[in-house]
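Here's a quick tour of some ring contacts and strand pairings. Have the viewer open as you read.

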Amino acid sequence: MNVKKMTNYTNNEKAQELWMTLYLCAKENPTRRFHALYDKIYRPDILWEAWQRVKRKKGSGGVDGQTIEQIVLDYGERKFMNELYLELKGKRYNPSPVLRTYIPKEDGKKRPLGIPTIKDRVAQMATKMVIEPIFEADFHDCSFGFRPKRNAHQAIDKIRKASKKCFWVVDVDIQGYFDNINQVKLIRLLEQRISDRRVLKLIRKWLESGIMEEGNLRNPITGTPQGGVISPLLANIYLNTMDRLWEKRFKHLGELIRYADDFVIMCKTKQQAFESIKIIQSIMGKLDLTINRDKSRLVTLWNDCDGFDFLGFHHRKFPYRRKGGKIFFYLSHIPKKNAMKKMRAKIKAYTKPRNILYLDIRELVKGLNRKLQGFKNYYQISGHSKIWLRQIDWYVLERLTLFYNKKRNNLKKHGNLKDVRREVDHILVKLSR
């Protein structure tokens with residue numbers, strides 16, 4: 001495999017051409033099964049593009065401890081890629097167990113993540129690039145999570161449009177979705193579109209590779225590790241069964257809007273909402289999944305009395321006064337309380353340490369801007385959300401004032417606020433140029 005030759009694919013024309021060809025073939029014939037896919041997974045341009053994507057996302061190493069930096073600086077990209085290419089081509093590739101780690105959740109619990117090795121991540125990415133267009137042709141418009149050219153803002157926009165006619169929301173949470181996917185049923189769903197046994201065997205290897213936690217290896221018989229490159233695609237394939245059934249037989253009851261394993265159903269009447277709940281429970285039973293009753297809710301959107309949380313936002317109808325004094329309610333989206341709390345915690349953690357006092361306030365503002373930019377880009381989608389984001393701005397100003405006074409040994413912790421605001425505004429104007 002010539003790595004130098006692969007680097008010439010700056011625009012990945014051949015990879016894009018393969019993606020489009022597979023997508024159009026799958027779209028044209030919904031019952032077609034693809035039988036010659038494995039050799040495309042280790043195709044040099046596909047593998048190189050997969051490596052570039054994994055490298056851009058960075059991330060920590062898996063059970064072998066090998067990191068992206070070590071591969072680039074010490075081991076060598078060419079050697080690493082050649083080894084993976086030969087293993088896949090010679091059918092000698094065997095994945096390592098995923099490294100179990102935990103991240104805190106909003107409710108105080110911890111979400112389990114499985115971190116594959118870098119080699120497994122590249123192999124998964126290459127496989128995903130080959131099989132994704134086939135299943136993308138089957139996915140429905142109600143699904144927005146982890147799909148090309150689809151995002152959370154589009155899902156929220158669909159909710160806003162549906163809220164003009166729908167006043168009842170079935171907010172569903174699936175209990176431990178990624179850990180409870182039935183692997184046998186998942187493989188059967190894959191077989192509906194893929195007949196290449198080598199590809200199916202490769203995916204089965206990842207599902208059965210096991211989990212390494214605190215030095216102990218275990219092999220769960222259900223689930224796909226949340227954190228694997230290919231896991232979101234497999235999760236979408238599994239829940240596409242629900243999407244297909246709903247769009248074909250039950251769409252008259254309400255609008256289904258799904259982002260990965262989180263979804264809501266927007267219904268016009270309370271009766272339709274109750275029927276939707278029964279049907280979803282039945283579908284979940286067929287998929288061997290369980291609804292989390294503590295987190296799932298039935299919400300009314302007639303006025304501003306109630307709302308629901310979805311994709312990091314709290315969705316609620318707020319009152320607006322028209323000319324003449326008439327009040328009407330319009331669905332708006334504001335950051336969740338926990339999202340605001342997390343952002344304040346990040347700002348405080350960045351500005352609190354005493355060892356940052358050597359920094360110039362301009363450097364501190366630049367650092368805070370980098371942390372705030374993504375948060376604001378995501379949450380600044382409505383007039384009401386801007387009101388909440390101003391609270392973050394005021395909190396930033398408060399933390400900068402504390403920094404300003406500590407730096408000058410000023411005993412008045414919250415004094416000089418006007419001076420700090422004037423200086424920050426001046427810095428922001430310079431940065432915007």
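A charge counts as sitting over a ring if NZ of Lys or CZ of Arg is within 6 Å of the ring centre and within 35 degrees of the ring normal. Keep in mind that this is a predicted model, where local features need pLDDT of at least 70, side-chain atom pairs count only at pLDDT 80 or more, and totals for chains, interfaces and linings use all residues. Residues are numbered from 1 along each chain as its sequence is written, and side-chain values use heavy atoms, with hydrogens and water left out.

| Charged residue | Ring | Distance to ring centre |
|---|---|---|
| Lys79 | Tyr75 | 4.5 Å |
| Arg150 | Phe144 | 4.9 Å |

Now for rings meeting rings. Rings of Phe, Tyr and Trp (its six-membered ring) pair if their centres lie within 6.5 Å; planes under 30 degrees apart are stacked, over 60 edge-to-face, and the rest tilted. By that rule the structure holds 16 aromatic pairs. One of them is the stacked pair of Phe167 and Trp302, with 4.3 Å centre to centre and 5° between the planes. Phe167 lies in the loop between α8 (152–162) and β3 (168–173), while Trp302 is in the loop between β8 (297–300) and β9, so the pair ties together parts that are 135 residues apart in sequence. Phe167 is buried, at 19% relative accessible area (buried means under 20%, exposed over 50%, partly exposed in between, using a 1.4 Å probe and protein chains only).

Tyr378 and Tyr379 go the edge-to-face way: 4.9 Å centre to centre, 90° between the planes. Tyr378 is partly exposed at 26%, whereas Tyr379 is buried at 9%.

On to the strands. Helices (H or I, at least four residues) and strands (E, at least two) are DSSP runs numbered from the N terminus, and two strands pair if DSSP finds at least two bridges between them. Strand β9 (residues 307–310) runs antiparallel to β10 (residues 313–321), joined by four bridges, and Gly307 stands opposite Arg316 in β10. The hairpin of β9 and β10 has two residues between the strands, and Leu311 in its turn has a positive phi of about 60°.

β10 also runs antiparallel to β11 (residues 327–335), with nine bridges between them. Here His315 faces His333 in β11 as its opposite number. This hairpin has five residues between the strands, with Gly324 at a positive phi near 100°.
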